[in-house]
Amino acid sequence: MVVFPCAKINLGLNVVERRPDGYHNLQTVFYPVPLNDALEVQPMAEGFPSDVDCDLKLTNIPVEGDERRNLVVRAYDLLKQDFPQLPRVHAHLYKAIPTQAGMGGGSSDGAAMLLLLNQQFGLALSEARLISYAARLGADCPFFILNRPAYAEGIGELLSPIELDLKGWWIAVVRPDIPVPTKEAFALIRPQQPKRCCRDIVMQPVETWRDALCNDFEQSVFAQHPEIGAIKERLYAQGAVYAAMSGSGSAVFGLFREVFDLASLFPQMFTRLVQL
């Protein structure tokens, strides 16, 4: 069985306060983007020589770190605790969503694994149960169970669906070869309440977003990595109606009304231009 985990962008991202547990409370709007990985799971043959229950193969875009900590494997391990009847499996993850980009690729993969295992092996988990499992994997994971526009609070796990439709817009995604560790991004930010909530701003025409909808991480990330800020300005120069960094970076996206040659503008960078 094959599923296609999608990416997300943040439409506005405000860090409003530091929590006693060391995390931060946020306000943001998540929007799904048709930039997809591919995840396939097959039962492991009886007697296959493997010392793991979930054998993961990663292809295309390299993913750093221990494969056993990949959210695909962790999602399997999480369900295996409660459903010991789950068979051993081979999982093949083809990565197309850029990593360390603020586009939720890893979270999407983990959520997709929960959905896939539930369907393929008849676990009969409700949406609410799946969201509960996803929240244990990571703050962004519950969004990818729903895969529809949502206003998020808390650390990103408190979701309220919103009626936002960007169908027909072209989204340009540019990810330079500059990793921005999430821990580093949060360390440089000063929490504050926004003048207007991003949930209200995105209900207005896209043409009004440029001067109202902001990502709080941009100030510190652009100061540390001016090349990322330059991408945003170049997207505006190309005619973007709205452009911003997604999450804590380093991917930058722009919303356009028409298609154009994105790759030639940003040679030697990850680029995708897809229609929403």
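## The loop between strands 10 and 11

Ser246 lies in the loop that connects strand 10 with strand 11. The model described here is predicted. Because its relative accessible area is 1%, Ser246 counts as buried. Beyond its neighbours within four places in sequence, Ser246 is in contact with Lys8, Ile9, Asn10, Ala101, Gly102, Met103, Asn215, Ala251 and Phe253. From Ser246 to Glu40 the C-alpha distance is 27 Å, and the two residues are 206 residues apart in sequence.

Strand 10 and strand 11 form a hairpin with six residues between the strands. Within this hairpin, Gly247 adopts a positive phi near 60 degrees.

Strand 11 comprises residues 252-256, and five of its five residues are buried, so the strand is largely enclosed by the rest of the structure. Val252, Gly254 and Phe256 point one way from the strand, whereas Phe253 and Leu255 point the other way; all of them are buried. In general, side chains in a regular strand alternate between the two faces of the sheet.

Strand 11 is joined to two other strands. Five bridges link it to strand 9 (residues 170-175), and the two run antiparallel; in this pairing Val173 stands opposite Phe253. Four bridges link strand 10 to strand 11, again in an antiparallel arrangement, with Tyr242 standing opposite Leu255.

## Phe256

Phe256 belongs to strand 11, and it counts as buried because its relative accessibility is 3%. Setting aside neighbours within four places in sequence, Phe256 is in contact with Trp169, Trp170, Ala172, Leu235, Gln238, Gly239 and Ala240. One of these contacts, Gln238, is 18 residues from Phe256 in sequence, with a C-alpha to C-alpha distance of 9.1 Å.

In helix 7 (residues 217-224), the buried residues are Phe217, Glu218, Ser220, Val221 and Phe222. These buried residues pack against strand 2 (6-18), helix 5 (182-187), helix 8 (226-238) and strand 10 (242-245).

Helix 7 also contributes to a pocket. The second largest pocket holds about 320 Å³ of space. It is lined by 17 residues, of which Gln192, Asn215, Asp216, Glu218 and Gln219 are the closest to its centre. Helix 7, helix 8 and strand 10 are the elements that each give two or more residues to this lining. By class, the lining of the second largest pocket consists of eight nonpolar, four polar and five charged residues.

Four strands make up an open sheet in the order 1-4-6-5, and their pairing is mixed. Its edge strands are strand 1 (2-3) and strand 5 (54-60), each of which pairs on one side only.

Strand 4 (residues 38-43) and strand 6 (residues 89-95) are joined by six bridges and run antiparallel. Across this pairing, Val41 stands opposite Ala91 in strand 6.

## His24

His24 is placed in strand 3 (residues 24-36). Because its relative accessibility is 9%, His24 counts as buried. Not counting residues up to four places away in sequence, His24 touches Val15, Glu17, Arg18, Arg19, Gly154, Ile155, Phe186 and Pro191. Strand 2 (6-18) and helix 5 (182-187), whose ranges are given here again, are among the elements against which the buried residues of helix 7 pack.

## Cysteines

The structure holds zero disulfides. Cys197 is in no disulfide, and its nearest cysteine sulfur, that of Cys198, is 4.7 Å away. Cys198 is likewise in no disulfide, the sulfur of Cys197 being the nearest cysteine sulfur at 4.7 Å.

Cys197 is buried because its relative accessible area is 14%. Cys198 is buried as well, because its relative accessible area is 1%.

Terms used. Residues are numbered from 1 along each chain as its sequence is written. This is a predicted model: local features need pLDDT of at least 70, side-chain atom pairs count only at pLDDT 80 or more; totals for chains, interfaces and linings use all residues. Side-chain values use heavy atoms; hydrogens and water are left out. Buried means under 20% relative accessible area, exposed over 50%, partly exposed in between (1.4 Å probe, protein chains only). Contact means heavy atoms within 4.5 Å. A disulfide is a pair of cysteine sulfur atoms within 2.5 Å. Two strands pair if DSSP finds at least two bridges between them. On a 1 Å grid over the protein atoms alone, a cavity is a set of points where a 1.4 Å probe fits but cannot get out, and a pocket is an open set with protein on both sides within 12 Å along at least five of seven lines; lining residues have an atom within 4 Å of a point. Grid points are joined across faces, edges and corners, and a volume is the space filled by probe spheres set on the points. Ala, Val, Leu, Ile, Met, Phe, Trp, Tyr, Cys and Pro count as nonpolar, Asp, Glu, Lys and Arg as charged, and the others, Gly among them, as polar.
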